[in-house]
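Let's walk through a protein model together, one question at a time. Have a look at the picture first, then try each question before reading on.

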Number of protein chains: 4
Amino acid sequence: MKIMMTGFEPFGGESMNPALEAVRRLPERVAGAEIVKVELPTVYGRAGEVLEEAVRREEPGAVLCVGQAGGCSGILVERVAINLRDARIPDNGGRQPVDEAVREDGPAAYFATVPVKQMAAAIREAGIPAFLSYSAGTFVCNDVLYTLLHLAAREYPVMKGGFLHVPYATEQTVGKPSGTPGMALETIARGLERAAWAVVSQISEKT
Amino acid sequence: MKIMMTGFEPFGGESMNPALEAVRRLPERVAGAEIVKVELPTVYGRAGEVLEEAVRREEPGAVLCVGQAGGCSGILVERVAINLRDARIPDNGGRQPVDEAVREDGPAAYFATVPVKQMAAAIREAGIPAFLSYSAGTFVCNDVLYTLLHLAAREYPVMKGGFLHVPYATEQTVGKPSGTPGMALETIARGLERAAWAVVSQISEKT
Amino acid sequence: MKIMMTGFEPFGGESMNPALEAVRRLPERVAGAEIVKVELPTVYGRAGEVLEEAVRREEPGAVLCVGQAGGCSGILVERVAINLRDARIPDNGGRQPVDEAVREDGPAAYFATVPVKQMAAAIREAGIPAFLSYSAGTFVCNDVLYTLLHLAAREYPVMKGGFLHVPYATEQTVGKPSGTPGMALETIARGLERAAWAVVSQISEKT
Amino acid sequence: MKIMMTGFEPFGGESMNPALEAVRRLPERVAGAEIVKVELPTVYGRAGEVLEEAVRREEPGAVLCVGQAGGCSGILVERVAINLRDARIPDNGGRQPVDEAVREDGPAAYFATVPVKQMAAAIREAGIPAFLSYSAGTFVCNDVLYTLLHLAAREYPVMKGGFLHVPYATEQTVGKPSGTPGMALETIARGLERAAWAVVSQISEKT
């Protein structure tokens, strides 16, 4: 079995993206499943295209995309992607869409198909805070999750899809206001590994 | 040269104290100075007595006490200790003083004598958030810092004294409200080491 | 033209609901439109039934439901309702559904059909903080918004539907942790009036 | 009996100072005592001079200075002033002192002499959040409180002195990050009136 895990390039003036750094630190295998790592550009539309190509090439059993949610204190397990692009800052390609659809022909939203509560529990059991989240925002993170779930719904009905938002790496919080939470990259990577483990466990149980 | 670093026992229902855990992880020597580690009880008065005995025995060049400040996002370098005990929760000996003096014969406050700005800068240079703080509260942490600086002012005028407050360890934030910052114990320990380095540097420069 | 505005009974141990209190303080007319005020029970399913009966009776041009979002600092204009019930606390009828659908036959989500950005702008122009929100949670607030938009989609295609979340009233924050934002009930009521004004303006422009 | 209450001019790019606005809204008398209102410049040293002149002229029974503490959620009753100037931003006179003393000949700190716990309780009884605070910072607010308590200690031993920090007015939070607490000016003014009431009550009891 293959689990694809994706991370984004840095954006918004940051010199690193903790999601990408943590994905890079993941082991090659989790619970017997191969971890396929993919880097996505932080660009509306283009990120989804890169993801789609990778899915067609690798045909993974599940895809877990990972993004930075600056300001959150724990790992957020996203439950919903909405059919909306609405950017407060330009993406890395300089585009800043306002109130556009991700897919003109798509429904208002998709629910993630990975076992979100088991993932959050598995992360917490490793001593890492995790929370369910009901909005992945309207920036490129949501765009990619929507695109993934749209693709799965139409062409890969067995493939599971989900998204994890991670805090700033500790070093990113230097110079930011007091109260801004951070997390060690090693801790983030361990959390992602636990989430992948929960996904593999569920898929394995069913087969 | 000896630098004494102290940590407190757990309190307030927590099963660990990140200050003590991080102090335990410190190396034996920092910048050539010996690190003498001391565990303090989280008990008004008694903590200061244990500290005073250790100072008389070891005669360190500087003392850095370390305590937990649940909810802070970075390492706090304290600048002030006040002559006040006012507890919202009982200490580990069951005492909960209200509006008492630490020392009836002492002044309203003492300033820390360690190089607080250099310590904060040294911590940040290691990629760890640090902030100056102007209140160590009115619980046992403030009590110990006041007692230390009172002792230094009267009997050990060359000995430097300071206090660092550290965030919850990441694992302590599991089950706490979303938004509660944590920090990896390894990161906290690295920050303390940087602070000790700044103290040793300043003392060395002057001699 | 009629604008229906709803507020919920208190829940979660609070002795008041700032949404209901603020709705009660609204004037009888806003920008020429009649304001029809409806109190909803904080009970899954039942809240939607009461709303549905009121819609059939009054046939308003728009419905703005209002709920408490303890901890937020501004008025939140909700953009999305999802087809999910997942309660951390029991509702006022003692039910605590976990991972249920609002409507088995409904889509994953609906977008609000009121002019959300104009509403937020109108509130801010009155000196009151307002933010767009992409999740109304999974408690009774989301339940009612989903039910409203489902009803509109199927039977009242011209009727606009939306939801506003409001902060704690200032008096509710006494005894809560430092940092918990509140807002004066008068300010909340003024913000709701501005939101209603933006809705009436948009409907009027189109006719 | 006279109670002097002071507020500062706006600073730090704000177009208003909620402390000054709230002081202006206070009634002429509270609990039989005359309220003397004084506006202070937000300038190190000069603020204290203006205050000192007003004290010599009016000879009040108590002085309550009031300042803005942007980001706090309740009214803060300050307990301590320290002998330190350390500015992150220039004052309104363009000065930005670093690690200076307020008074070269003064002690490290003074405790406020007003009944801080009764004041906080009186504010909360009016449905307004209030907290004790152990640091008034190192900007002009602390400077004025230190100067006041230094003056009282040396020349006006019967005169009580204290300081209240207040949140942003609600309108100031528009455009600031989500989560920034505000408070209605009417609420702030009511809280200040309650604090003055507690001060008058204590003075009256003793006479």
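This is a predicted model: local features need pLDDT of at least 70, side-chain atom pairs count only at pLDDT 80 or more; totals for chains, interfaces and linings use all residues.

Q: What does it mean to superpose copies of a chain?
A: Copies are laid over one another by least squares on the C-alpha atoms of residues with pLDDT of at least 70 in both. In general, two copies of a chain are related by a rotation about an axis and a shift along it.

Q: Which kind of axis relates chain B to chain D?
A: To place chain B on chain D, rotate by 180° with a shift of 0.0 Å along the axis; the RMSD is then 0.0 Å. That is the relation of a two-fold axis.

Q: Why can we say that chain B and chain D meet through the same surface?
A: Look at the residues that chain B uses in its interface. The copies meet through the same surface because the share of these that are also interface residues in chain D is 100%.

Q: How far apart are the closest C-alpha atoms of chain B and chain C?
A: Contact needs heavy atoms within 4.5 Å. No contact joins chain B and chain C. Their closest C-alpha atoms are separated by 11 Å.

Q: Is B:Phe11 buried or exposed?
A: You can find B:Phe11 in the loop between strand E1 (2-8) and helix H1 (18-24) of chain B. Among the residues it touches are B:Thr42, B:Ile89 and B:Phe139. Its relative accessible area is 15%, and the cut-off is under 20%, so B:Phe11 counts as buried.

Q: Which strands are the edge strands of the open sheet in chain B?
A: This sheet of seven strands has mixed pairing and the order E2-E3-E1-E4-E9-E5-E8. An edge strand here pairs on one side only.

Q: Which residue of E3(B) is the bridge partner of B:Thr6?
A: Strands of a sheet pair through backbone hydrogen bonds, either parallel or antiparallel. E1(B) and strand E3 (residues 33-40) of chain B pair in the parallel sense, over seven bridges. For B:Thr6, the bridge partner in E3(B) is B:Val38.

Key. Residues are numbered from 1 along each chain as its sequence is written. Chains are lettered from A and ligands numbered from 1 in the order in which they are written. Side-chain values use heavy atoms; hydrogens and water are left out. Helices (H or I, at least four residues) and strands (E, at least two) are DSSP runs, numbered from the N terminus. Buried means under 20% relative accessible area, exposed over 50%, partly exposed in between (1.4 Å probe, protein chains only). Two strands pair if DSSP finds at least two bridges between them. Lists of a residue's contacts leave out its neighbours within four places in sequence.
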